[in-house]
Amino acid sequence: MKVVAHQLRVLLAFPLALGALVAAGGIARAATPRAIGAPGEVTLTAGVNDPKDPNIAVLEYLPGSIKVAKGTTVTWKFAGPEPHSVTFVPRGTKTPPSTETDPSLMFPTPPTGAYDGTTLVNSGVLPLGAATKVEKFSMSFAKTGTYTYYCVLHPGMVGKIQVTDDTQDSQSSITKRGKQQQKKYLAEGEAAKKKLVKAAPKKTKNADGSTTYTVEMGASTKHTDVLAFSPTPRKVKAGDHVTFVNNSHAPHTASFGGPALVPAIPTADNVVNPVPGASPQTLVPDTYLNSGWVPPKTKGGPPLAARSFTFDVPDAGKFEYACVLHLGSGMAGEIDAT
Ligand SMILES: [Cu+2]
């Protein structure tokens with residue numbers, strides 16, 4: 001997989017690129033003229049995980065739209081653990097930017113001055129890996145007008161900056177609206193999590209007397225992703241089968257072997273691809289086994305079979321699994337077979 005090898009290179013090069021981003025952000029700020037009477041900087045948030053439950057990720061900028069004066073520095077905070085980007089594309093670009101079609105978008109393309117809407121400016125994906133601090137990205141705007149921006153990881157996560165000659169939203173109104181929207185979206189995610197956790201696992205009896213159980217990989221609502229597996233059935237016995245199914249809007253993996261064996265880099269070849277091979281696979285204690293990236297459910301996208309991966313349970317035992325893409329959000333479970 002050529003694309004994947006490229007993604008991995010991008011990831012490995014990231015700490016260097018991040019340094020460049022921070023440096024360029026500093027330059028952009030220093031060179032920015034400020035509107036008379038306007039505060040120099042406003043801050044908003046790029047996505048948020050539920051403070052009460054990291055499994056729930058809001059896939060929206062908070063707030064989704066703000067008004068600023070020309071020259072004001074806009075800063076986005078990325079608290080994680082679910083990563084996002086702030087990505088502006090040249091005006092007139094037809095398709096939203098996505099790492100699916102262009103993996104290099106994981107990389108930052110820092111602003112070279114006040115933004116005028118004619119170039120790509122991209123925070124890159126933040127945080128990348130474990131969230132150790134709140135990441136930030138800043139830029140300012142050179143011309144009045146409405147600027148649309150995107151997250152390269154989450155289709156539908158779109159924000160707007162309206163740039164005026166002199167008037168702008170106060171920081172307190174931006175913060176207030178961001179909090180209101182966050183509250184509404186978190187309620188939506190919490191309801192979806194409840195539903196995912198409560199649903200009885202689907203099961204099918206097989207001709208040989210064994211049972212195939214279904215585990216849902218996450219769930220999605222309009223503004224959130226639930227980064228959790230549906231509960232693992234308690235009645236799994238040696239000889240049964242567990243089929244992981246992705247009906248959410250995000251890719252996920254089912255990766256067995258526990259923290260010691262499961263790789264941490266989502267774009268590594270042995271995470272993207274099934275290990276040791278295609279579905280079905282037989283679980284082996286203390287061994288790395290991986291579904292590969294199970295694609296999301298999209299309109300006209302892959303059929304159910306392509307969004308499913310089965311593991312056979314040969315013996316009684318405990319088999320831990322996790323989603324490598326959403327380790328930071330605590331997406332994990334365990335098959336406890338008797
Ligand atoms: Cu996941």
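Two strands pair if DSSP finds at least two bridges between them; helices (H or I, at least four residues) and strands (E, at least two) are DSSP runs, numbered from the N terminus. The model is predicted: local features need pLDDT of at least 70 and side-chain atom pairs count only at pLDDT 80 or more, while totals for chains, interfaces and linings use all residues. Residues are numbered from 1 along each chain as its sequence is written.

**Strand E11**

Select residues 211–220, which form strand E11. Seven of these ten residues are buried, so E11 is largely enclosed by the rest of the structure. Here a residue is buried if 20 or more other C-beta atoms lie within 10 Å of its own, exposed if 12 or fewer, and partly exposed in between, with C-beta atoms placed from the backbone.

**The partners of E11**

Three residues link E11 to E12 in a hairpin.

Next, show strand E10 (residues 203–205), which runs antiparallel to E11 and is joined to E11 by three bridges. Centre on Thr 204 to find Thr 212 of E11 opposite. This is also a hairpin, with five residues between E10 and E11; in its turn, Gly 209 has a positive phi of about 90°.

Strand E13 (residues 241–245) pairs with E11 in the parallel sense, over five bridges. There, Val 242 of E13 is the bridge partner of Tyr 213.

**Helix H3**

Move to residues 171–198, helix H3. Buried residues of H3 include Ile 174, Tyr 185, Leu 186 and Ala 192. The buried residues of this helix pack against E11 and E12, and also against strands E1 (41–50), E2 (53–62) and E3 (65–69).

**The nonpolar core**

Finally, select Val 242, Phe 244, Ala 322, Cys 323 and Met 331, which touch the most other members of the 78-residue largest nonpolar core. Such a core is a set of buried Ala, Val, Leu, Ile, Met, Phe, Trp, Tyr and Cys residues joined through C-beta atoms within 7 Å. E2 gives the most to this core, with six residues. Domain 1 (2–193) and domain 2 (199–337) both contribute residues, so the core lies between them; the domain bounds come from an automatic or database domain assignment.

Around Phe 244, leaving aside neighbours within four places in sequence, the contacts (C-beta atoms, placed from the backbone, within 7 Å) include Val 215, Met 217, Ala 254 and Phe 309.

Terms used. Expected span 1.5 Å × (residues − 1). Contact = placed C-beta atoms within 7 Å.
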